Amino acid sequence: MKRTCHPALFLAPLFLPWLAMAEEDDPGALEALPAVAFHVQQARDIAGDDFRFLADGLLCRPAANTIPEAIRTVPGFLVPDAPGIEPFAAFDNLYYIGMYAWGTFVLDTGEGLILFDSLTNEGQVNEILLPGMAEMGLDPNDLKYLVITHAHVDHYGGAQYLKEQYGVPIMMSVADWDALSDDISYPWFVRTGYPPVVQPERDVEVEDGDVLRLGNASVTFVLTPGHTPGTLSPIIEVQDQGETRTVAMWGGQALHEDLATLSQMHNSLHKFWSLGRERGVEGLISTHAWFVGNFEQHARGRVDGRNPLLIGQDGFERMMGIYDTCIDAQFARSHAKLSSGAAGAAD
Ligand SMILES: [Zn+2]
């Protein structure tokens, strides 16, 4: 699984003949580069039909320079008043509540609730999160912890309000508390017409490997920098038909273009992958649930009694393999752009 030297490094000189054709505004030419095409095809081969959405989705496409470009194709991202979708129980005690483009998971531990992410602002908390919790029979006064996967507005925007209303402590990695004032998503959300966002005040600092135990649940925090400097990817014990199962939440989805953060992402993925394997992870979830196929899984319903979000350890391996090869493809694109002088090491 681990590689000592990145294959794209060997292939970089081979890009040059193709780069003559690879105009900046012609992503098709970039995609035709042998190293890019090779890795994208590799991702598709791992994906087969059941995970094709991941290899054919945003993950394996060229990383865009800006957030709006990256998420242009996702319904609801550019819509400040996007409606909530029907909340649902992904497991006996884990609920998805939010919009299509992003949302929250609420874990009912039996001794209180752990909320993962917080929507974008007070309005979305009041209009989407709280009614969704009521519909699922969850009392916001039972909130014990609020985990923020990373310091982007779509994840932390409702946090300060929730803390003020319910006294729930806000947990984020040290690196992302530090990065909050430089959050690149903040000015974009303001420009897009979202109501003013209140950034949370520094609260609980989570370290790599910290374990949160409450009621029947445990949450192990894996620090996975790359999408942001301190993205957290929790490994979570959930209940499914009365049995404990382990699922993992990859905390930050979109790739960047620059080699330094891509490298971080690559290392983080391998760390998360091996810890997930050790822990017998059987499902991958995300507060950008569309990205990892959680909506389609849920819509399929149980097959022979099996929860559709449980893809098995083999499914987890394959999804991690797709992430890995899509990051390889992005490395190849970025190396090609650097070789051609088309792009600097900027974000
Ligand atoms: Zn983000």
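Colleague: How much of the chain is buried?
Modeller: Of its 347 residues, 47% count as buried (20 or more other C-beta atoms within 10 Å of a residue's own; 12 or fewer is exposed, in between is partly exposed, and C-beta atoms are placed from the backbone). Keep in mind it's a predicted model: local features need pLDDT of at least 70, side-chain atom pairs count only at pLDDT 80 or more, and totals for chains, interfaces and linings use all residues. Residues are numbered from 1 along each chain as its sequence is written.

Colleague: How many helices and strands are there?
Modeller: The chain has 14 helices and 12 strands, taken as DSSP runs numbered from the N terminus (helices H or I, at least four residues; strands E, at least two).

Colleague: Which residues of α7 are buried?
Modeller: Gln124, Val125, Ile128, Leu129, Gly132 and Met133. Those buried residues pack against β2 (94-98), β3 (103-108) and α9 (159-166).

Colleague: Where's the kink in α7?
Modeller: At Leu129, about 25 degrees, shortly before the proline Pro131. That bend is the angle between axes fitted to the seven residues ending there and the seven starting there.

Colleague: And what comes after α7?
Modeller: Gly137 follows, with a positive phi near 75 degrees.

Colleague: Switching topic: is Ser263 buried or partly exposed?
Modeller: Partly exposed, because 14 other C-beta atoms lie within 10 Å. Ser263 is in helix α12 (residues 259-278).

Colleague: How far is Ser263 from Phe331?
Modeller: They're 68 residues apart in sequence, and 8.4 Å apart in space, C-alpha to C-alpha.

Definitions and conventions:
Two residues are in contact if their C-beta atoms, placed from the backbone, lie within 7 Å.
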